[in-house]
Amino acid sequence: GGLLPPSGLYGPWVTSDSPAWHGDFTLDYNQEAQYYAVYSSNHPELAAAYFPPILDWMPAARVGANRTANVANISCAPETLHFACHLAPWGYQSFDTNTYMHWNGFFAALLFISSAEYTCNLNHPPQDSAAHCENASLVQQAVL
């Protein structure tokens, strides 16, 4: 608790009250790229702000998965996750509600995996990490 949300595409250099991309978190690698080096440089604590917005959005990702499956006339497991491309902090959706790509959840899972691998601690990121990775992979099964 008490963590500030991670920075968006601009990092800490937002110079406007109305930044482009609404200042949201873009899960098509942009959000994750800010944190790629924190584990290999032995600073896992620097990634702490990354995890809460992803985990907070999991309920909406479950709704998104079922909605997408219904539109495609396919079925998916109830725990399947399908992330929008743009998220806002504290479980909110950005103004941009498009998915753009079906692999947003996979990109979001990269830091959960890196955290477990580099720290050798499956509980380093929040305990829902394994559920995120497993449930995001269900999207691929449903789409295929």
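The dialogue that follows walks through several features of this predicted model.

User: What should I know about the model and its numbering before I begin?

Analyst: This is a predicted model, in which local features need pLDDT of at least 70 and side-chain atom pairs count only at pLDDT 80 or more, while totals for chains, interfaces and linings use all residues. Residues are numbered from 1 along each chain as its sequence is written, and side-chain values use heavy atoms, with hydrogens and water left out.

User: How many helices and strands does the protein chain have, and in what order do they run?

Analyst: Helices (H or I, at least four residues) and strands (E, at least two) are DSSP runs, numbered from the N terminus. The protein chain here has six helices and two strands, and from the N terminus on its elements run β-α-α-α-α-β-α-α.

User: How do I read whether a residue is buried or exposed, for instance Cys85 and Cys120?

Analyst: A residue is called buried under 20% relative accessible area, exposed over 50%, and partly exposed in between, using a 1.4 Å probe and protein chains only. Cys85 is buried because its relative accessible area is 2%, whereas Cys120, with a relative accessible area of 71%, is exposed. Of the 144 residues in the protein chain, buried residues make up 38%.

User: How many disulfides does the structure hold?

Analyst: A disulfide is a pair of cysteine sulfur atoms within 2.5 Å, and the structure holds zero of them.

User: What does a polar contact look like, and which residue does the side chain of His82 meet?

Analyst: A polar contact is a pair of N or O atoms within 3.5 Å; within protein, one must be able to donate a hydrogen and the other to accept it, and residues adjacent in sequence count only if both atoms are side-chain atoms. The side chain of His82 makes such a contact with the side chain of Thr68, at 3.2 Å. His82 sits in the loop between helix H4 (58–72) and strand E2 (86–87), and it counts as buried because its relative accessibility is 5%.

User: Which residues form the nonpolar patch on the surface?

Analyst: Accessible areas come from the Shrake-Rupley method with a 1.4 Å probe, and for residues only the protein chains shown count as cover. Tyr29, Tyr36 and Leu110 form the patch, with about 300 Å² of accessible area together. Tyr36 belongs to helix H2 (residues 36–40) and is partly exposed, since its relative accessible area is 44%.

User: What is the phi of Tyr29, and where does this residue lie?

Analyst: Most residues other than glycine have a negative phi. Tyr29 has a phi near 105 degrees, a positive value in a residue other than glycine, and its place is in the loop between strand E1 (25–26) and helix H1 (30–33). Tyr100 has a phi near 65 degrees, which is also positive; it is found in the loop between E2 and helix H5 (104–119) and counts as exposed because its relative accessibility is 53%.

Definitions and conventions:
Patches are made of residues with over 30% relative accessible area and no salt bridge: like charges are joined within 9 Å, nonpolar side chains (Val, Leu, Ile, Met, Phe, Trp, Tyr) within 5 Å. A salt bridge is a side-chain nitrogen of Lys or Arg within 4 Å of a carboxyl oxygen of Asp or Glu.
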